[in-house]
Amino acid sequence: MEYALFYTEGTDPLPYVPAEDNIGEWVDEVVARGVSEYGERLRPGQDATVVRVRAGEVLVSDGPFSEAKETIGGFDVIDVRDLDEAIEIASKHPVASFGQVEVRPFVRWPDAAPDARVVPDGFHDRPVRGRRYLLQVVVEPGRADAAAGSDAGDDDPEAWVREMDGRGIRLFGEVLRRPGDATFVRRRHGEVLVTDGGFAEAKEWIAGFDLIEVRDLAEAIDVASKHPMARGGAIELRPLWPLDDREDSVARTERETPDRDRRIEPTAAEALAGAQR
């Protein structure tokens with residue numbers, strides 16, 4: 001059974017101690033067990049770009065879709081026997097010791113092939129030909145029927161998937177089960193703490209995600225604006241942040257600190273102007 005693991009600060013974060021970061025060991029274990037499909041770190045929230053379409057106008061903003069502490073810092077897709085194994089794997093991730101890991105199941109479609117997987121076979125061997133973003137589909141309460149109107153006939157997610165697959169932009173993606181089916185995993189003082197439910201502080205929630213590969217942020221905004229949920233909710237674009245799990249975590253933290261709190265992406269307004277040219 002496939003799950004997404006989302007890494008966040010959670011509601012009771014502890015200080016991150018680089019010297020205690022054992023991400024390399026965790027990666028080695030999940031690969032050796034054959035349960036890892038794909039995982040990436042994401043640039044901090046200030047490098048997020050949110051795209052909405054209202055009354056036919058594309059609206060963009062810098063920063064994450066939510067100000068809650070649960071902004072996602074990275075993700076993994078795993079394929080395991082059951083929820084218990086997913087919880088065990090999540091509890092060993094270094095983020096569980098100072099933040100929180102959300103274990104979220106994917107929707108299982110009745111007509112899906114028995115061997116269907118979220119991440120295509122051989123994906124790791126595919127060369128990177130552009131800039132990759134995690135496109136998160138965000139449900140905003142009170143906006144559920146905002147897409148209705150003159151564009152309602154275009155609200156077909158499958159049409160968007162077919163177009164982006166055909167253009168080679170969408171690498172993979174899937175719908176997630178609702179936040180009520182999520183499981184939170186933390187590790188505090190050697191004890192694994194497990195709680196049920198979605199992000200407690202977030203008014204918005206992530207309904208699914210896609211990994212896309214584009215030329216730049218301008219093209220990513222154009223792709224996001226075509227997604228049906230941009231009209232009824234929001235699309236958050238987060239650039240990937242390469243992580244060498246063999247690098248010393250203390251050295252990595254020192255090297256990355258100068259760029260951690262500043263936006264390295266173009267501003268959303270600048271990128272939108274480029275997308276509309």
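Which side chain meets that of glutamate 265 in a salt bridge? The legends below, which describe a predicted model, begin with this pair.

**View 1. A salt bridge between glutamate 265 and arginine 131.** The side chain of glutamate 265 meets that of arginine 131, with a distance of 2.4 Å from N to O. The pair links distant parts of the chain, since glutamate 265 lies in the loop between helix H6 (249-260) and H7, whereas arginine 131 belongs to strand S7, 134 residues apart. Glutamate 265 is buried, with a relative accessible area of 6%, while arginine 131, at 32%, counts as partly exposed.

**View 2. A salt bridge between arginine 117 and aspartate 79.** In this pair the closest N and O atoms are 2.7 Å apart. A search of the whole structure finds 33 salt bridges.

**View 3. The largest nonpolar core.** This core holds 24 residues, among which Leu135, Ile212, Val223 and Leu237 touch the most other members. Several elements supply at least two residues each, including strand S7 (131-139), strand S11 (205-214) and helix H4 (217-225), and the largest share, five residues, comes from H4. Isoleucine 212, when residues up to four places away in sequence are not counted, touches Leu135, Val223 and Leu237, and its other contacts include Tyr133 and Ile169. A second, separate core of 23 residues includes Phe6, Val50, Leu176 and Phe209.

**View 4. Helix H3 and its two faces.** Trp160, Val161 and Met164 are buried in H3. Seen down the helix axis, the buried residues of H3 fall within an arc of 100°, so they line one face. These buried residues pack against S7, strand S8 (170-175), S11 and H4, whereas the face turned away from the buried side carries the exposed residues Arg162 and Gly166. At the N-terminal end, aspartate 156 caps H3 through a side-chain oxygen that lies 3.1 Å from the backbone nitrogen of glutamate 158, and the helix is followed by glycine 168, whose phi is positive, near 75°.

**View 5. Threonine 183 in strand S9.** Threonine 183 has 3% relative accessibility, and because buried means under 20%, this residue counts as buried. Leaving aside neighbours within four places in sequence, threonine 183 is in contact with residues including Leu83, Ile87, Val101 and Val194.

Methods:
Residues numbered from 1 in each chain as written. Predicted model: local features only at pLDDT ≥ 70, side-chain atom pairs only at ≥ 80, totals over all residues. Heavy atoms only, no water. Core = buried A, V, L, I, M, F, W, Y, C linked by side-chain atoms within 4.5 Å. Buried < 20%, exposed > 50% of the residue type's maximum accessible area, 1.4 Å probe, protein only. Helix = DSSP H or I, 4+ residues; strand = E, 2+ residues; numbered from the N terminus. Contact = heavy atoms within 4.5 Å. Arc of directions from axis to C-beta. Polar contact = N/O pair within 3.5 Å; in protein donor to acceptor, adjacent residues only side chain to side chain. Salt bridge = Lys/Arg side-chain N within 4 Å of Asp/Glu carboxyl O.
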